[in-house]
Amino acid sequence: MTNCPVCKMEVEENKARANSEYKGQAYYFCCKACKKKFDETPDKYIIDKK
Ligand SMILES: [Zn+2]
């Protein structure tokens, strides 16, 4: 289980409606609209977990 980086909703990786890869990291989205938003401005949605 992970979270949609755009709206923070829980998403199951194997049931995600959309996914994207950015800087070698995979992201999963609850819907295609969220993927679209992410793809436009990924840095806005990435939480740096360092
Ligand atoms: Zn979402």
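Modeller: The site of the zinc ion is tetrahedral, with angles of 102 to 120° among its four donor atoms, where four donors count as tetrahedral if all angles lie between 85 and 135 degrees. The ion is coordinated at 2.3 Å by the SG atoms of Cys-4, Cys-7, Cys-30 and Cys-34; donors here are N, O and S atoms within 2.8 Å of the metal (3.2 Å for Na, K and Ca), and since water is not among the atoms, sites may look incomplete. This is a predicted model, in which local features need pLDDT of at least 70 and side-chain atom pairs count only at pLDDT 80 or more, whereas totals for chains, interfaces and linings use all residues. Residues are numbered from 1 along each chain as its sequence is written, and side-chain values use heavy atoms, with hydrogens and water left out.

Along the chain, the donors of the zinc ion follow the spacing C-x2-C-x22-C-x3-C. Cys-4 lies in the loop between β1 (2-3) and β2 (10-11) and Cys-30 in the loop between β4 and α1, so this pair ties together parts that are 26 residues apart in sequence; the helices (H or I, at least four residues) and strands (E, at least two) are DSSP runs, numbered from the N terminus. The structure holds zero disulfides, a disulfide being a pair of cysteine sulfur atoms within 2.5 Å.

Cys-4 is buried at 0%, Cys-30 is buried at 15% and Cys-34 is buried at 8%, whereas Cys-7 is partly exposed, with a relative accessible area of 37%.

Tyr-45 is in contact (heavy atoms within 4.5 Å) with Pro-5, Val-6, Lys-8, Lys-37 and Phe-38, leaving aside its neighbours within four places in sequence. Ile-46, in the segment after α2, is partly exposed at 27% and touches Tyr-22, Tyr-27 and Phe-38, not counting residues up to four places away in sequence. The C-alpha atoms of Ile-46 and Tyr-27 are 9.4 Å apart, although 19 residues separate the two in sequence.

Helix α1 also carries a charged pair. Asp-39 forms a salt bridge with Lys-35, their closest N and O atoms being 2.9 Å apart, where the rule asks for a side-chain nitrogen of Lys or Arg within 4 Å of a carboxyl oxygen of Asp or Glu. The two residues lie four residues apart in α1, about one turn of the helix, and Asp-39 is partly exposed at 38%, as is Lys-35 at 24%. A further bridge joins Lys-23 to Asp-43, with 3.8 Å between the closest N and O atoms; Lys-23 lies in the loop between β3 (18-22) and β4 and Asp-43 in helix α2 (residues 42-45), so this pair ties together parts that are 20 residues apart in sequence.

Definitions and conventions:
Buried means under 20% relative accessible area, exposed over 50%, partly exposed in between (1.4 Å probe, protein chains only). Four donors count as tetrahedral if all angles lie between 85 and 135 degrees; four count as square planar and six as octahedral if opposite donors are over 155 degrees apart and all others between 65 and 115; anything else is irregular.
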